[in-house]
Amino acid sequence: MIRGFGVRMTTPRLPEWLVRVIVVLAIPAVACFGYYALEDAGEAQSAWGPAVILAYPMALIGFIGLAMALLSPSSSRLKYGLWTLCILVPALFFLWVRA
């Protein structure tokens, strides 16, 4: 308890049902974005096809990781750098493939 206030500090937490809804909506969205990115890049028959499909989920994982690192009570420049790299590498890959 905080001295003098009588209030307990708790960490904010999403309800479990909301996390399930987010996951249920995100999985098809990731598949759709991967498919349309593949079609848009015109790489369906090339060796770059799997990399194009996996680039969007990797960027999404990087974004989630960066958000979690920013919300974490302990800050680490290494975490920030690695999660930012997980966002930038797929983004630069998409720019390169589309050029």
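Colleague: How many aromatic pairs does the structure hold?

Modeller: The structure holds one aromatic pair. Rings of Phe, Tyr and Trp (its six-membered ring) pair if their centres lie within 6.5 Å; planes under 30 degrees apart count as stacked, over 60 as edge-to-face and the rest as tilted. Here the ring centres of Phe93 and Trp96 are 6.1 Å apart and the planes stand at 45°, so the pair is tilted. This is a predicted model, in which local features need pLDDT of at least 70 and side-chain atom pairs count only at pLDDT 80 or more, while totals for chains, interfaces and linings use all residues. Residues are numbered from 1 along each chain as its sequence is written, and side-chain values use heavy atoms, with hydrogens and water left out.

Colleague: What is pLDDT, and which helix has the lowest mean value?

Modeller: pLDDT is the predictor's confidence in each residue, from 0 to 100. The protein averages 77, and 79% of the residues score at least 70.

Colleague: How many helices and strands does the protein have?

Modeller: Helices (H or I, at least four residues) and strands (E, at least two) are DSSP runs, numbered from the N terminus. This protein has three helices and zero strands.

Colleague: Are Phe93 and Trp96 buried or exposed?

Modeller: Buried means under 20% relative accessible area, exposed over 50%, and partly exposed in between (1.4 Å probe, protein chains only). Phe93 counts as buried at 15%, whereas Trp96 is exposed at 52%. Both belong to helix α3, where they are three residues apart and thus separated by about one helical turn. Of the 99 residues of the protein, 18% count as buried.

Colleague: Which residues form the largest nonpolar core?

Modeller: A nonpolar core is a set of buried Ala, Val, Leu, Ile, Met, Phe, Trp, Tyr and Cys residues joined through side-chain atoms within 4.5 Å. The largest one comprises six residues: Ala37, Val52, Ala55, Phe93, Phe94 and Val97.

Colleague: Where does α2 bend?

Modeller: The bend at a residue is the angle between axes fitted to the seven residues ending there and the seven starting there. In α2 it is about 30° at Ala55, and a proline, Pro57, follows within four residues. Both Ala55 and Pro57 are among the buried residues of α2.
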